[in-house]
Amino acid sequence: PKAKEKPKNPDVETGGSLSEVRRKEQDQLFTDLRKASTPEKSHAIASRLRQSFVRTGSDSLDLMLRWAETALNQSREAEAQDYIDEVMAQRPDNATVWQLRARLHLRRNELAPALRDIRQAMILEPRNFDVLINYATLLRETGNRKGALRLYHQALSVYPMMKEAQDEMLKLTEADSDTAL
């Protein structure tokens, strides 16, 4: 009988680590995102990037991140906290878990820890447009309009067709020009 073929391993094929393979994949997706010619193409690429941001290298931890986000979206903060704590303990280098914890702090009106966590998320993945938007929104809400504008601009340099960043930037610049009059 013929021996079963082993599944292909991208690490072996490329000679790199899994994180290097993911980084190369993300680099290409970011290039494609900046060059996307339509909002639909741009949105599809952004969705693939969002999926790559969540990946921790562990299916169970990836699932916990999704559960944490679902729990946050459904205002089940205690449940979200449990999932976030578990992922944080095992993958403190994942920007998504820091972003989720920042959102959890915001829900609890804990501004200083929210700022600390969103900054850490940005350090870990400075091209994550969702982190940039969340950080900008947090700055805007605390009165740092200049910082918020800078981050919205940064998000648009990564994801030029991001409607949320475009809208928020427009609101801030219109408000600034109204104030100047």
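Predicted model: local features only at pLDDT ≥ 70, side-chain atom pairs only at ≥ 80, totals over all residues.

Me: How much space lies in the largest pocket?

Reply: Start with the general idea. Rolling a probe the size of a water molecule over the atoms shows where empty space is left. Here the largest pocket holds about 410 Å³ of space. It is lined by 18 residues, and the closest to its centre are Arg-22, Arg-23, Arg-55, Asp-93 and Asn-94.

Me: Which helix gives the largest share of that lining?

Reply: Helix 2 does, with five residues. At least two lining residues come from each of helix 2 (18-35), helix 3 (39-54) and helix 6 (95-107). Sorted by class, the lining of the largest pocket has four nonpolar, eight polar and six charged residues.

Me: What about the second largest pocket?

Reply: That pocket has about 280 Å³ of space. Its lining counts 14 residues, with Arg-50, Val-54, Glu-69, Thr-96 and Asp-130 the closest to its centre. Helix 3, helix 4 (59-73) and helix 6 supply at least two lining residues each. By class, this lining has three nonpolar, four polar and seven charged residues.

Me: Now a single residue. Is Glu-168 buried or exposed?

Reply: Look at relative accessibility. The cut-off for buried is under 20%. Glu-168 has 13%, so Glu-168 counts as buried. Glu-168 is found in helix 10 (residues 163-180). Beyond its neighbours within four places in sequence, Glu-168 is in contact with Arg-140 and Tyr-152.

Me: How many aromatic pairs are there?

Reply: The count comes to four. For each pair, check the distance between centres and the angle between planes. Phe-53 and Phe-129 are 5.9 Å apart, centre to centre, with 65 degrees between the planes, an edge-to-face pair. Phe-53 sits in helix 3 and Phe-129 in helix 8 (residues 129-141), so the pair links distant parts of the chain, 76 residues apart. Both Phe-53 and Phe-129 are buried.

Me: And why is the pair of Trp-67 and Tyr-83 called tilted?

Reply: Over 60 degrees would be edge-to-face and under 30 stacked. The planes of Trp-67 and Tyr-83 are at 50 degrees, so this pair is tilted; the ring centres are 5.4 Å apart. Trp-67 lies in helix 4 and Tyr-83 in helix 5 (residues 77-90), so the pair ties together parts 16 residues apart in sequence. Trp-67 is partly exposed, at 40%. Tyr-83 is partly exposed too, at 21%.

Me: Which residues form one aromatic cluster?

Reply: Phe-30, Phe-53, Phe-129 and Tyr-159 do.

Note on methods. Residues numbered from 1 in each chain as written. Heavy atoms only, no water. 1 Å grid on protein atoms, 1.4 Å probe; cavity = no way out; pocket = protein on both sides within 12 Å on 5 of 7 lines; lining within 4 Å. Points joined across faces, edges and corners; volume = space filled by probe spheres on them. Helix = DSSP H or I, 4+ residues; strand = E, 2+ residues; numbered from the N terminus. Nonpolar A, V, L, I, M, F, W, Y, C, P; charged D, E, K, R; others polar. Buried < 20%, exposed > 50% of the residue type's maximum accessible area, 1.4 Å probe, protein only. Contact = heavy atoms within 4.5 Å. Phe/Tyr/Trp six-rings, centres within 6.5 Å; stacked < 30°, edge-to-face > 60°.
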